[in-house]
Amino acid sequence: MSPEGWRSDDPWLALASILESAKRGDYSHVSHLRQWILDKDCAPTLVSACLGLTADAGLDSDLEFLAELMLEAPPYLRIEACLAAQWSGVLWLIPFMVEAWRTLPRRADRAAVEANLTNLLDPVENEPEFFDSGLSDSQYKDAVDARLRELQNAYGSDRCSISGGEPIDLNKQAWLMRKALMPGDTETWIDWSNFLVWRRKFEVYSGVDCSSFYARNGDFQPLNAAAILDRYLASPQPFEVGKRYFFGHPLP
């Protein structure tokens with residue numbers, strides 16, 4: 001693909017070019033995605049793809065753009081931006097998610113943002129504290145702020161990237177994914193929603209192709225997933241805990 005492909009008038013070709021550049025550790029063209037995110041005539045799938053890549057491979061200025069969307073965009077785009085903020089995992093974006101949550105009039109939309117906050121702030125093994133909490137708006141904000149202070153004090157920075165209430169440790173996450181696939185008691189319930197979140201983070205950070213996790217009809221293929229995870233765990237990459245990566249390359 002041409003290195004100038006990001007200039008293409010075809011947004012899908014431009015997106016593909018920006019993705020390939022980011023895979024090589026060049027994030028300089030991610031900001032070019034904003035034009036399609038803001039274009040009301042763009043297909044929703046394109047907007048979602050652009051927001052996803054912004055979250056995964058965006059520089060600080062790109063994450064600031066997500067923050068602006070959460071404050072000022074139409075409701076549908078605020079909700080999408082909150083999901084993107086979840087994928088980025090960066091602590092300093094969470095207050096913007098709460099502000100978006102506070103201004104959304106529909107309960108279903110607020111619940112979608114609560115689910116994003118829960119995936120970030122609630123430890124996986126605990127009952128969710130930040131979803132359907134029954135708290136008032138001010139109480140909910142205070143509860144999130146208190147958790148943020150805990151995390152910032154524990155890890156020393158609001159730039160830390162988190163998931164499941166702790167800084168992202170990708171190699172630990174890969175081990176948890178593999179453990180979830182171990183044959184066990186048939187009465188044991190596996191939270192496949194967590195597995196889907198883990199799988200996305202694993203693929204984005206490591207660059208390992210996880211497409212064979214699923215058959216063409218969409219059915220999950222646990223043996224394929226286990227084989228891919230086993231190969232990775234035999235020679236894991238040296239990821240720094242709490243830092244963002246894209247296809248093995250650190251983000252500044």
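At what relative accessibility does leucine 83 stand, and as what does it count?

Analyst: This is a predicted model, in which local features need a pLDDT of at least 70 and side-chain atom pairs count only at pLDDT 80 or more, while totals for chains, interfaces and linings use all residues. Residues are numbered from 1 along each chain as its sequence is written, and side-chain values use heavy atoms, with hydrogens and water left out.

Leucine 83 has a relative accessibility of 32% and therefore counts as partly exposed, where buried means under 20% relative accessible area, exposed means over 50%, and partly exposed lies in between (1.4 Å probe, protein chains only). Leucine 83 belongs to helix α5, which covers residues 75-88; helices here are DSSP runs of H or I with at least four residues, strands are runs of E with at least two, and both are numbered from the N terminus. In sequence, leucine 83 and serine 48 are 35 residues apart, yet their C-alpha atoms are 9.5 Å apart in space.

In soluble globular proteins, nonpolar side chains tend to be buried together. If residues up to four places away in sequence are not counted, leucine 69 touches Ile37, Leu38, Leu51, Leu77, Arg78 and Ala81, a contact being heavy atoms within 4.5 Å.

Two packed helices are described by the angle between their axes and the distance between the axes. Helix α6 (residues 94-103) packs against helix α8 (residues 137-155) at an angle of about 170°, with the axes 11 Å apart; the axes are lines fitted to C-alpha atoms, for helices over the stretch in contact, and angles run from 0 to 180 degrees between N-to-C directions. The pair α6 and α8 is therefore roughly antiparallel, since angles over 145 degrees count as roughly antiparallel, those under 35 as roughly parallel, those from 65 to 115 as roughly perpendicular and the rest as oblique. From α6 the contact takes in Ile94, Pro95, Val98, Trp101 and Arg102, and from α8 it takes in Asp137, Tyr140, Lys141, Val144 and Leu148. By class, that contact has 7 nonpolar, no polar and 3 charged residues, with Ala, Val, Leu, Ile, Met, Phe, Trp, Tyr, Cys and Pro counted as nonpolar, Asp, Glu, Lys and Arg as charged, and the others, Gly among them, as polar.

Lysine 141 also forms a salt bridge with aspartate 145, their closest N and O atoms being 2.9 Å apart; the term stands for a side-chain nitrogen of Lys or Arg within 4 Å of a carboxyl oxygen of Asp or Glu. Both residues lie in helix α8, 4 residues apart, which is about one turn of the helix. Lysine 141 is partly exposed at 39%, and aspartate 145 is partly exposed at 22%.

The structure holds 15 salt bridges, and one of them joins aspartate 60 and arginine 159 with an N to O distance of 2.7 Å. That pair links distant parts of the chain, as aspartate 60 is in helix α4 (residues 60-72) and arginine 159 is in the loop between α8 and β1 (162-163), 99 residues apart. Aspartate 60, with a relative accessible area of 28%, is partly exposed, and arginine 159 counts as partly exposed at 43%. Lysine 172 and glutamate 166 form a further salt bridge at 3.0 Å, N to O; lysine 172 is partly exposed at 38%, and glutamate 166 is partly exposed at 30%. Salt bridges that share partners also join Arg107, Glu114 and Asp132 into one network.

Aspartate 132 lies in the loop between α7 and α8 and counts as exposed at 56% relative accessibility. Its backbone has a positive phi of about 50°, although aspartate 132 is not a glycine. Most residues other than glycine have a negative phi, and most peptide bonds are trans.
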